[in-house]
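User: I'd like to learn how to read a chain-to-chain interface and a sheet. Can you walk me through this one?

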4 protein chains.
Amino acid sequence: MAIKILVTGGTFDKEYDEINGKLYFQNTHLPELLQLGRCRMDIEIRTLMMIDSLDMNSEDRETILSFCKKSEQEQIVITHGTDTMEITAQVLGQANLPKTIVLTGAFIPIKFGSSDGLFNLGSALAFAQTLPHGVYVAMQGKYFLWNNVRKNRSSGIFEETLNNKA
Amino acid sequence: MAIKILVTGGTFDKEYDEINGKLYFQNTHLPELLQLGRCRMDIEIRTLMMIDSLDMNSEDRETILSFCKKSEQEQIVITHGTDTMEITAQVLGQANLPKTIVLTGAFIPIKFGSSDGLFNLGSALAFAQTLPHGVYVAMQGKYFLWNNVRKNRSSGIFEETLNNKA
Amino acid sequence: MAIKILVTGGTFDKEYDEINGKLYFQNTHLPELLQLGRCRMDIEIRTLMMIDSLDMNSEDRETILSFCKKSEQEQIVITHGTDTMEITAQVLGQANLPKTIVLTGAFIPIKFGSSDGLFNLGSALAFAQTLPHGVYVAMQGKYFLWNNVRKNRSSGIFEETLNNKA
Amino acid sequence: MAIKILVTGGTFDKEYDEINGKLYFQNTHLPELLQLGRCRMDIEIRTLMMIDSLDMNSEDRETILSFCKKSEQEQIVITHGTDTMEITAQVLGQANLPKTIVLTGAFIPIKFGSSDGLFNLGSALAFAQTLPHGVYVAMQGKYFLWNNVRKNRSSGIFEETLNNKA
């Protein structure tokens, strides 16, 4: 089964600048993560942007949507900053595409060694292979439907918005 | 959703003995992996044994089967050495339990830092949540049915036994 | 031989806040680093402050100096942010204490996994045991006298100020 | 100051074979360690052999001695398995060369992520720069003279043989 990964940036791919001590973006770490995971799937990676999801605007989201539409693969994983993942999920969900689209991200940059990114990538790829068509957020081991998820800003926990019984 | 993890050892949990330079087993690293992954699922871990899967005998496999039978959770992930994972999968598969059972493992010990274990654990937990009842092997990003999988000993790749078209 | 380590913060001990994505200070990582290094020296660690060295003022430097003065150990290692390490070295150097004082730091936080901190700590402890009384900066494998060192802000390289021939 | 590093193998450079689960040697990790440490010294690396120090014979030690003799650099660091480090130190020490030679190693392979190797390398390079001519073992933060050191096989601690007061 073939899977498309669309890269948009987020904490996932942030780097640490040794000279000025600030975080910044350079290249995606997706290929090295897939190698670490000894992943043997047929995967095509496409970087659409490398931005903090707080800086993502509606035009950026249209770009993501358009790449989902024209993707040959029916299974799509999108790496995305956690702060506005739910907003992008809504834009994609309302488009009602005949595809399984899974957004995922990380709380700790890959480069910082103790990342949740590798765990989340493993689960997102699995969800993309098994869930019915629709748009989902995969974080912290769970998956959420696009119209029933939010990131709790104070606790950092992803939760359902409707029947939140964690 | 609640998930049970049954720990049996395997490369996953091997440690390096600094004094004699040999690999050995101590405690499972599953709890720290779930914490690294910021996993928020309702998970119960039970260690059944800590052995190399080349040393696993049919009695050990009966033990694993019996714990699958009596597990309250319908979703079960089993960590297991890769060398005989397919044999245990067959024992469990023939029992035809009304549960989703996913076996997973690692090629590199968790403690060696560059492990595929975190990736595989993420995918195994996701497959356990989404696949129909049955017994599966989850490795290298893919899942396989218990009666259609083998580890290629020379390449280290998991592949289908029947219609092997990767 | 007994060595005193005085902790002042710096990149060395910075942590990543998963919720707000900013760097901050919590506890020092010195004990775990010494354990990683299997260090068997008689070492006493004292945390004096946990600050970015750009925020260090002359009062802070007087505190460091006073702890150097009253240290029972003649060998002292100070962990310090790299940005103003040379200024603190000058304050300590002008005091002309009958002790060997070595300032060191890191370009990458310990917690980010790929740190130079462990390497620098190893060299700083060695320089403290072998150099004559005086104040030194130990970075990037080298040592510098307190009155002949600066951090090149654009390249991030520590270099001599007088006869700079790298 | 220029330093020569002679590589002989040892736990330092051991790798984990994913297929057969055994440890083996491939290439030295010294260059990547020096890069991790942001080392800016003038260093020349020469690999002499890649063996377990339990397999090192007197011919191998003659090879090491001969490279120490003809080294242009007066400061030499030798990476070496810990098990027979003291024997090689004796061979080199009795030659009485007008050079500072520091043997070091690791209890955990570099590739296993939690190595003491980076710490030891930092200290060995520092000792090589500051100690008078002679042959030394640098492990666990300390240095030992070639004729007064042994590895305690049961505890894994390097200690003095004469006045052993830890």
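User: How many residues of chain C are in contact with chain A?

Analyst: Contact means heavy atoms within 4.5 Å. Here 16 residues of chain C touch 17 residues of chain A. This is a predicted model, where local features need pLDDT of at least 70, side-chain atom pairs count only at pLDDT 80 or more, and totals for chains, interfaces and linings use all residues. Residues are numbered from 1 along each chain as its sequence is written, chains are lettered from A and ligands numbered from 1 in the order written, and side-chain values use heavy atoms, leaving out hydrogens and water.

User: What area is buried between chain C and chain A?

Analyst: Buried area is the accessible area (1.4 Å probe) that two parts lose on being put together, summed over both. For this pair that's about 1300 Å², with 60% from carbon and sulfur atoms. On the chain C side, Tyr16(C), Ile19(C) and Phe112(C) lose the most, together 43% of what that side buries.

User: How many salt bridges are there between chain C and chain A?

Analyst: A salt bridge puts a side-chain nitrogen of Lys or Arg within 4 Å of a carboxyl oxygen of Asp or Glu. The count here is zero.

User: And in what order do the strands of the sheet in chain A run?

Analyst: Strands (E, at least two residues) are DSSP runs, numbered from the N terminus, and two of them pair if DSSP finds at least two bridges between them. In chain A, six strands make an open, mixed sheet in the order 4-1-5-6-7-8. Strand 4 (42-51) and strand 8 (142-145) of chain A are the edges, each pairing on one side only.

How values were computed:
Helices (H or I, at least four residues) and strands (E, at least two) are DSSP runs, numbered from the N terminus.
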